[in-house]
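Reader: I'd like to learn how to read a model like this one, feature by feature. Could you walk me through it?

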Amino acid sequence: MSAEWVCVQRQQDECRRYLDQFKVLDHPLKQSTITVLESRGTRSGKVPVAANGISLGSSNTAAMSAATLSLDPLSIAFDGSDPLSQFAKQQVTSLGKDPLSRMAAEMEGALPVAKSTALGSRSSLSKSKEPTNLLELDLIEPWAARRGAILNKYTTSEKLSIVTSFLTGGETIKPQTTMSEKVKYRLEQLDDFDEGSVRQMLDLSQQEYVVKIEQLNHELVQAWNQDQRVKALKIAIQCSKLLSDTSVIQFYPSKFVLITDILDIFGRLVYDRLRTKADYVHPGTREMTSLPENFTPDMVPESAKETCQNWFYKIASIRELLPRLYVEIAILRCYSFLAQDEFGLALRRLTKMIRGIGDPLVAIYARCYLCRVGMSLTLDRTYISENLDDILMIYHTIFNGGIRSEIARHRITLNGYASLYLPALDWILQGVAILTTDNQLDDILQRCKEKKNPALLLQSMMQSFRSDFIASRATHFVQILSTISVEGLSRGQLFRLLGSILSHTPPPAEQRLSVLSSAMKAITSLGNVEEFMQCAEMWAQYTSQHFGLKEVDIFLGSVLQQMAPKRIYEQHYHELQVITDKIVSNAQDVHGILALDNFLPLLDLFQKESIKLEVCKNILTSYRNATACDNAIINDPVVTNALMYISRVLNDSVNALTGEDERRQISGLICHFIRKVDFGRDFEQQLAFYVEARSVLSNLDTALSTLIHSVNRLATSTRRIVKGQHTQKTAAFVKACAAYCFITIPSIIDVRTRMELYLQSGQVALLNVCLQHADSCFEAAINLIPEVPRTVENDGKVHSTEGFIKTFIVNLLSTLVIVPDNPTQGVLYLLRLLLEVVPKYPFEPTSDILSSIYLHVLDFLSVAAQEVYPYHIVNVISNDELYGSDPKFIAEVNELCCTVCDKLLQHLKVLLESNALRAQSQLALDLLLKIITGADLSVDKMFTLTVHLWNLAVKNRTAIEAKQLQTVIQYTEHLAQVTQLESQRQCLWMLLERMKSRK
């Protein structure tokens, strides 16, 4: 049947949100019960308590527990029934059932676990362990942290060789039955070093060499596990011999790392073996137990001591010095089985033995290994100082004629050769600096400075000594580095290292400027552009962190002066990029940096597009990080132009091949810049900036959206300042803002974004009484509805746009309520256009979105027919004042209501044919509510339609909630009580009787 809708006056306050209101007794987020559950007999003694605070007796505890379980499923996982909770209870009740606690108690020498308490265990574990060696002081970087860097730095492409007898198979093992046969066989094994058993593998690549070393490591462990102690010792000896080979000298530091790893394993195997043989009888017991961690030599049995001495005797019988040294150093820890103070004596003895090694490179790495092992054994540092003394004693030999001819034969430079000493020298000097006073370090510095060609020593010293010691003497170091002979290293390398240290640990404030001036003078006079750029790369951060804009500008000017001749900057893009990043990211005043005279010329040096893009992105990222947490604004034209130039570079880099993440990142950086520009009350200059930005940022939808939002905010601010009463000047300005938005929005690609911006811009134009601009925006937004795709992809997932269409139209309808009709377009022109356009969107056949939109249109029409609208905008004459409830206008509204109602009835028919009972009943109830709220029920057709709709909903009552039907009845009764129109009230009471009779 067709509808005959006649709108009636509504009681806005009485009808508003009635259906959404319901009474609650407690906060909806409050839990329904607070209870302790009984689970498998593990908990008891707690009484459940209801949410309202009433305690429950024991008679209904079981019922309450069951109810709580049904309401709170998560409580099942935490009531003690899960295995982890049960295990935790066992830990508290019985420490003896926890193997980790038992182990901890045994390590602490506690009583048997069954007799110990949890409290006693915790107190014993909390005692701090006194350090027993230098490494436990945590004052030095562990060797393991340096190992990877050494292996990565010291590589070679030359062929390597290895001499061994253990890589092509094992040995034939003769059975030994008596002790004398076993001793005789082991001695024969140790003496079996004839040349026929040793093989040399030549022409190995670096990777193959590393593989062979790993095989030796595996052979050593396998021989040890098979009780072949002598074979393991022979492998350790042969590995040590490899360290005497300097034929591929540039690979020597990496070879040292690989070989000493094997020796460390050998030393650990020997120590663990001796400890297993050193079980002793604990005082007060008769049981044999293993030695504790802090055992003393008097606790070691004589048999274990004898075995330990035999190992040292075997090693002492090695004929060659280098393997004898390395293998003894590897098992140096075993001296703890023999005597209390043996470490110090052995370390000093071995220090003197190393003096017999002629090659200074081989010798310094032997000293490095000795110091590395010694620092893990004792707190004594005497032997480290003695090793440093010996190094300084023979330091001059590194640069003598024999070494020079040797490195010439290897075809490496003196700088390359000197760098081979750095890993070993750094470790030794770091050991020397542990717990050393500044006066002692000054003495070492003086001794090193007096050496010929001390650059190697100074570099290692700066890398090893405390940074605060270097920083406090920064002026002295600059003076030294400016005057010393730097043969073997470059002066630029030393200044680069000093700049790196001072960037993290600045010198005293009174020294900072003199340090910068002296250092830059020395760096500029290097005469080598490459060295200058490497130094400037490090000193840029120091300059930016600790100085003002003047010093930074001078620094950038010196960089430009070095880069200008012969386009040399093209060879130093990386250094220039690092300098720019450090200057901006560490600047105290990022706005001042951007305004420097030499900053933009520095950016102009980046001629390669990819590099320039990365630099500009980093600058804007640093700017965002520096200004994200403060209220700083930009109103300096120089800074604005600089950031606009950078934004232009990023915008121009965006094309069809740019990824979505890259586009989003660039848009975020540029939008942050746009939002920071604020010229205060100078709105015209602000709008001029937005106009310029629009011409520059044409490739980014997000940036254009930000510009439109900013212009709308500018127009709103103007209205707020004039308090809604525009002058001729401000009215022209807000119209210019509205025109800006209307012109800019079509440049955006995304349809949904355009629709939202048109709607927002129209609302702002309406707020500023720019009626023509508002109508144009609303009309453009409505005409875009058919262009919205049915689905869109977001984060790899496909989403329907129907929800967006509904939300947008509801927002639009709430605005159209107060939009006055254009006299040239007819009554409710925009709504008619909306009703014409909406069906063109490709809704899903089973979707209820279109019917929901029509229901909202009925709400709109019901409000449009009221004498006074629920809200207005100052100075905007809405249709209630424009028409004054003119009968012709009301007739147009009623006609539109009939049209929309007919469309809903047609949709009900379609739902009936498709057997969608739930959707049909829901739509019938929704339409019924709209009719009884806004239509005149005294019209027979509408009353009959309302009864039919109720019957249809009740007919399919199983498809909807019974509570919903009751709510509709209550709402109808409420309307019947508050309606002032007598005929409407009577019809509502009649309808209510029929509804109750059919319920």
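Author: Gladly! Keep in mind from the start that this is a predicted model. Let's begin with the whole chain and then zoom in.

Reader: What does the secondary structure of the chain come to?

Author: The chain holds 46 helices and eight strands. Of its 999 residues, 48% are buried. Among contacts between residues at least 6 apart in sequence, 73% join residues at least 24 apart.

Reader: Which residues touch the most other members of the largest nonpolar core?

Author: That core has 311 residues, and F266 and W539 touch the most other members. Helix 10 (residues 252–276) supplies the largest share of this core, 13 residues. For W539, leaving aside neighbours within four places in sequence, the contacts are F495, L498, G499, L502, V515, L516, A519, I523 and F555.

Reader: How should I read a helix, and which residues of helix 39 are buried?

Author: Here is the general idea: an α-helix has 3.6 residues a turn, so residues three or four places apart point the same way. Now the case at hand. In helix 39 (residues 829–837), the buried residues are L830, L831, L833, L834, L835 and V837. The buried residues of this helix pack against helix 37 (771–783), helix 38 (802–816), helix 40 (849–864) and helix 42 (887–913).

Reader: Let's turn to loops. Is S336 buried or exposed?

Author: S336 counts as buried because its relative accessible area is 16%, under the 20% cut-off. This serine is found in the loop between helix 12 (321–330) and helix 13 (342–353). A polar atom of the S336 side chain lies 2.8 Å from the backbone oxygen of R333. Beyond its neighbours within four places in sequence, S336 is in contact with Y271, F295, P297 and F343.

Reader: And E450: buried or exposed?

Author: E450 is exposed, because its relative accessible area of 58% is over the 50% cut-off. E450 sits in the loop between helix 19 (438–449) and helix 20 (455–464). Its side chain makes a polar contact with the side chain of Q446, at 3.0 Å. The C-alpha atoms of E450 and I484 are separated by 9.5 Å, with the two residues 34 apart along the chain.

Reader: Backbone torsions next. What is the phi of R567, and what is that of S885?

Author: As background, most residues other than glycine have a negative phi. R567 is not a glycine, yet has a positive phi of about 50°. S885, also not a glycine, has a positive phi of about 55°.

Reader: Where do R567 and S885 lie?

Author: R567 lies in the loop between helix 26 (549–563) and helix 27 (573–585), and S885 lies in the loop between helix 41 (879–883) and helix 42. R567 counts as partly exposed because its relative accessibility is 46%. S885 counts as partly exposed too, at 28% relative accessibility.

Note on methods. Residues numbered from 1 in each chain as written. Predicted model: local features only at pLDDT ≥ 70, side-chain atom pairs only at ≥ 80, totals over all residues. Heavy atoms only, no water. Helix = DSSP H or I, 4+ residues; strand = E, 2+ residues; numbered from the N terminus. Buried < 20%, exposed > 50% of the residue type's maximum accessible area, 1.4 Å probe, protein only. Polar contact = N/O pair within 3.5 Å; in protein donor to acceptor, adjacent residues only side chain to side chain. Contact = heavy atoms within 4.5 Å. Core = buried A, V, L, I, M, F, W, Y, C linked by side-chain atoms within 4.5 Å.
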